[in-house]
There are 2 protein chains.
Amino acid sequence: MTPSATPAYRRLSVEERRSQLLDAALGLFAHRAPEDVSLDDVAEAAGVSRPLVYRYFPGGKQQLYEAALHSAAEELRHCFDEPREGPPLSRLSRALDRYLAFVDGHDTGFSALLQGGSVVETSRTTAIVDQVRRSAAEHIHQHLGVTAPGPWLRMTVRVWITSVEAASLMWLDEDKRPPAAELRDWLVEEFVAALTVTAGRDPQTAGLLGALAGDDRH
Amino acid sequence: MTPSATPAYRRLSVEERRSQLLDAALGLFAHRAPEDVSLDDVAEAAGVSRPLVYRYFPGGKQQLYEAALHSAAEELRHCFDEPREGPPLSRLSRALDRYLAFVDGHDTGFSALLQGGSVVETSRTTAIVDQVRRSAAEHIHQHLGVTAPGPWLRMTVRVWITSVEAASLMWLDEDKRPPAAELRDWLVEEFVAALTVTAGRDPQTAGLLGALAGDDRH
């Protein structure tokens, strides 16, 4: 084992190597269904040997997939980071722009994950996705200035988040038509319309709507 | 092997026995997560031996689960059977009443199926659920009198169907509150609101909305 025989294996620290393998996996899982990604593919994309991949991820593909998913979930949560400044609907538009850019950049992986039916074990991956959904709902409540959302408001927000996911999947199915900006505007308008219906039976939501209405969006 | 020793095994025809086992399985899968139902439970509920269950369902629990799911999907599709008479929104209300009664009667199984993360293999179960969704969308297009729905209308209808599912899951999570009739009215109003937003950018949907507006619902 001369250092010169395996220079690439030694140049990186453990953390750096792990992160490099993860990046390679993420790149593959983003554009292929999990069942179409092999450990050999990951090794090749990272320019390392298959045993090295196993050394860092002894759980094999399932472990790599989950690690990649955690990393993608983190990235997705960053999409929701939006300063609490300016009109709330403009903030929502910007967050949706980042979200749709994420969907665009992880198309096949996004579909495979949300449509289920993949070869990977689903209970843990579902839990990761659910955490992202919860995080999105909390962000929305915060931006609406609500600390204790009642059942109707929670229902409306969660259902709209599901709508965003469903619309994103259809958007991918339709070769990313309409343009992301049109889809984003439609989703924002659908959110306001959904809140308006709920406002008819829920005073809390009705109160928020008044504030949103004063919002000069464009 | 005297006939009197196993009278129950002989009284039913093959079809009747199969149907009896399926009913027992459906009853169990409706109110428990699939991982909490064993073949012994099915045998006990049907009052037969475990080997007999295996004789009819050699694929074991997975086969029984899928058979029960097919049967439930059929039942669900019947919820959408609604004569094309009277105001379209009244028809939608009646179909939703039947749908919510189904959700009510299959609560735990419905959640387990749609929330994934079950022990059963998911690709085929997902396909069954997707067929029900497609069938629901087709029914809606037909009731709206549309033979060639464009992308915006399809998106709006599919996204609303996803909303109905998400709202149903939350409704189960919230101990079936609000009352089903309130949830149904909210869902119908959300549908009209969603179409109204789409109508702002899609002439086909705008045309339908005119017809719906003339609909005296109550």
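**Exercise 1. Describe how helices H9(B) and H10(B) pack in this predicted model, giving the angle, the direction and the residues involved.**

Solution. Two packed helices are described by the angle between their axes together with the distance between those axes. In this predicted model, H9(B) and helix H10 (residues 180-199) of chain B pack at an angle of about 155°, and their axes lie 10 Å apart. Because angles over 145 degrees count as roughly antiparallel, H9(B) is roughly antiparallel to H10(B). The next step is the handedness, and here the crossing of H9(B) and H10(B) is right-handed. On the side of H9(B), the residues that make the contact include Trp152(B), Trp160(B), Ser163(B) and Trp171(B), while those of H10(B) include Trp186(B), Leu187(B), Glu190(B) and Phe191(B). Sorted by class, the contact of H9(B) with H10(B) consists of 14 nonpolar, three polar and one charged residues.

**Exercise 2. Decide whether Ser163(B) is buried or exposed, and find which residues it touches.**

Solution. Begin with the location: Ser163(B) belongs to helix H9 (residues 151-173) of chain B. The relative accessible area of Ser163(B) is 8%, and since buried means under 20%, Ser163(B) is buried. Once its neighbours within four places in sequence are set aside, Ser163(B) is in contact with Leu187(B) in its own chain and with Val159(A) and Ser163(A) in chain A.

**Exercise 3. State how many residues and how much area are involved where chain B meets chain A.**

Solution. Count the residues to start with: 31 residues of chain B are in contact with 31 residues of chain A. The size of an interface is often given as the accessible area lost when the parts come together. For chain B and chain A, the buried area is about 2600 Å², and carbon and sulfur atoms contribute 67% of it. Within chain B, the residues that lose the most area to chain A are Met155(B), Met170(B) and Trp186(B), which together account for 24% of what that side buries.

**Exercise 4. Classify the packing of H7(A) against H9(A) by its angle, and name the residues that meet.**

Solution. Helix H7 (residues 107-115) of chain A packs against helix H9 (residues 151-173) of chain A at an angle of about 130°, with the axes 10 Å apart. This angle makes H7(A) oblique to H9(A), and H7(A) passes H9(A) in a left-handed crossing. From H7(A), Asp107(A), Phe110(A), Ser111(A), Leu114(A) and Gln115(A) meet Glu165(A), Ser168(A), Leu169(A) and Leu172(A) from H9(A). By class, the residues of this contact between H7(A) and H9(A) are four nonpolar, three polar and two charged.

Note on methods
Residues numbered from 1 in each chain as written. Chains lettered and ligands numbered in written order. Predicted model: local features only at pLDDT ≥ 70, side-chain atom pairs only at ≥ 80, totals over all residues. Heavy atoms only, no water. Axes fitted to C-alpha atoms, helices over the stretch in contact; angles between N-to-C directions. Helix = DSSP H or I, 4+ residues; strand = E, 2+ residues; numbered from the N terminus. Parallel < 35°, antiparallel > 145°, perpendicular 65-115°, else oblique. Left-handed = near helix turned anticlockwise from the far one by under 90°. Contact = heavy atoms within 4.5 Å. Nonpolar A, V, L, I, M, F, W, Y, C, P; charged D, E, K, R; others polar. Buried < 20%, exposed > 50% of the residue type's maximum accessible area, 1.4 Å probe, protein only. Buried area = accessible area lost by both parts, 1.4 Å probe.
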